[in-house]
Amino acid sequence: MNIFFRQKQLNRALRTALLALCVAVPSLALADDYMDGYAADPIAAAPAAPAPSALPAAIQTTPVSNKAYAASGQANPAYATSGNVLSTDDTELSGTVTPPAIISSDSSPQPPADLWARIRSGFSMSQLDSPQVASSVNWYAQRPDYMRRTIERSKMYLFHIMEQVQKRGMPSEIALLPIVESAFNPMAYSRSHASGIWQFIPSTGKDFGLKQNGWYDGRRDIVAATSAALNYLDKLHTMFGSWELALAAYNCGEGCVSRAIAKNQAAGLPTDYLSLKLPAETRDYVPRLMAVKEIVSDPAMVGMSLSSIPNQAYFTKVSLQSPIDLKLAAKLANMPLNQFVSLNPAYKKPIVRSDTPQQILLPVDKADAFATNLKNYDQPLVSWQAYPAKAGDSAAGIAKKFGVTLAWLKQHNEFAVTRKGKLTEDHTLLVPLENNLDSEQLAATTPSADKSDAVAKKESVTVSHAHTVTVKRGETLASLAKHHHVALADLKRWNHLRNNKVQAGEELMIAAAISPERKAKHADSHMAEAKPSKKIKHYTVKRGDTLFSIAQKFDVAVPDIQRWNSLKNKSTIKPGVKLALQEG
């Protein structure tokens, strides 16, 4: 009886153990829940474990990502038994293993769908106790259109920047720095010759590996410049021990900050950012970034709303094996030229040229179409050539040889000439392939679609060739059309523009030859515009205003403001000064 009872107990214990094992197997589903948090990881999205009901008797499944085990405090047996070495990107391993029965029951949260939420969650810099922060918040709040344009431009770049910032363990405030530096304008160029969204001066750019030559400027390369800027900031943070001082040094230089620290130390004063005597621009620099942080944290606070940015990659890298025209590359990618240039602003000429394989950036959803179209394209990829000009050659003669104007040649090349127009030294010039100018430059232009332009409908305007101009700071599409005696509608059509917005540094194509009738018509219209029929209004300059910000606010050109108020090119404006402005 006792033997039977003991056997019964043993059988019951065995059944309990087997039941526990059966219960343990479905708990593998917890790994599935945990991995949901990594499903959208663009670097490595580990596959989830299969559903419990689909598990075979052998209980074999694809290994769970090492990230899940790291969070649970357990060792991942996949890496212990498969013989594979864990790579830095946590890639999927081959083979199958038996996973442990229990993983942490805490599931990882889903990554935010909106990039702004991700950025907010990474804010870690302390609030700055400075009235300049509030002043800067007010400055941005009074310029909603400026902020809207800035945010719109940032959509192409911000995800990549945030990825790189987080990889380095930096506070996500750093990802917002291009708002302060350049308003995310990749063509931004300062008086100190700083360029790109991170505003590198030439020497610092070279120090951090950014190549600069006549064809390419790495300071405007989105990927290369971002990497260089973050490397520089990381170095400065290591040097000074605080992000406020690192940012100050990024603005005015490490020597500037080091001298200010040494001066305070000698006087027995604190050496934090707010205690240092720094240049005025640098004193405003960090508060301005903190102001951007406050606006991003709570845009409703200043009556703004931030346009949503998906928390996913906007662009991808595509390798090229040979040079290609920028315009053709944009065409093959089925995207506007200005959008292509915004992703690839480092190329200074209308051609991607390199002696080695080169990379371009394309929107993620355009890369496949580009690859297919490029493979099927059976025409030459370039319509330009490098011409080895010698010292003493006539610049005008070279221009004539290739069917362009001297102005066009100067626009696309940097060279010096003597008083007689001879090259002072050898140059490799960018010129069109002979008899192979862009079809839009050689083809007859079509009349303006403006119904009020009755004369234009009857014209047959022939263009012998065209040239390009680079938009200068403060210029508008309307002022360019007026200056070059062309119709605004034609200027938009030649450059495939949907609206009247242009950015400094952007290149526009302009027809060089216009029929006498059209030129006379434009001359008459410009004379009519010059009549004192426009109302004059006055604007009082406020603190923080610049000629450029005023021009943007009233949709006029900086040169016009200077002309209306007899201001010299390098004149500065002070708060309280009244400026005369014409209403257009």
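Predicted model: local features only at pLDDT ≥ 70, side-chain atom pairs only at ≥ 80, totals over all residues.
Figure 1. Numbering runs from 1 along each chain as its sequence is written, and side-chain values use heavy atoms, with hydrogens and water left out.

**Figure 2. Helix 11 against helix 12.** Helix 11 (residues 222-240) and helix 12 (residues 243-252) bring their axes within 8 Å and cross at roughly 125 degrees. Axes are lines fitted to C-alpha atoms, for helices over the stretch in contact, and angles run from 0 to 180 degrees between N-to-C directions. That makes helix 11 and helix 12 oblique to each other (under 35 degrees is roughly parallel, over 145 roughly antiparallel, 65 to 115 roughly perpendicular, the rest oblique). Contact (heavy atoms within 4.5 Å) involves, among others, Tyr232 and Phe240 of helix 11 and Trp243 and Tyr250 of helix 12. Sorted by type, the residues of this contact are 11 nonpolar, 1 polar and no charged (Ala, Val, Leu, Ile, Met, Phe, Trp, Tyr, Cys and Pro count as nonpolar, Asp, Glu, Lys and Arg as charged, the others, Gly among them, as polar).

**Figure 3. Helix 12 against helix 14.** Helix 12 also packs with helix 14 (residues 280-297), at about 130 degrees with axes 9 Å apart. This pair, too, is oblique. Residues making the contact include Glu244 and Asn251 of helix 12, plus Glu281 and Tyr285 of helix 14.

Notes: Helix = DSSP H or I, 4+ residues; strand = E, 2+ residues; numbered from the N terminus.
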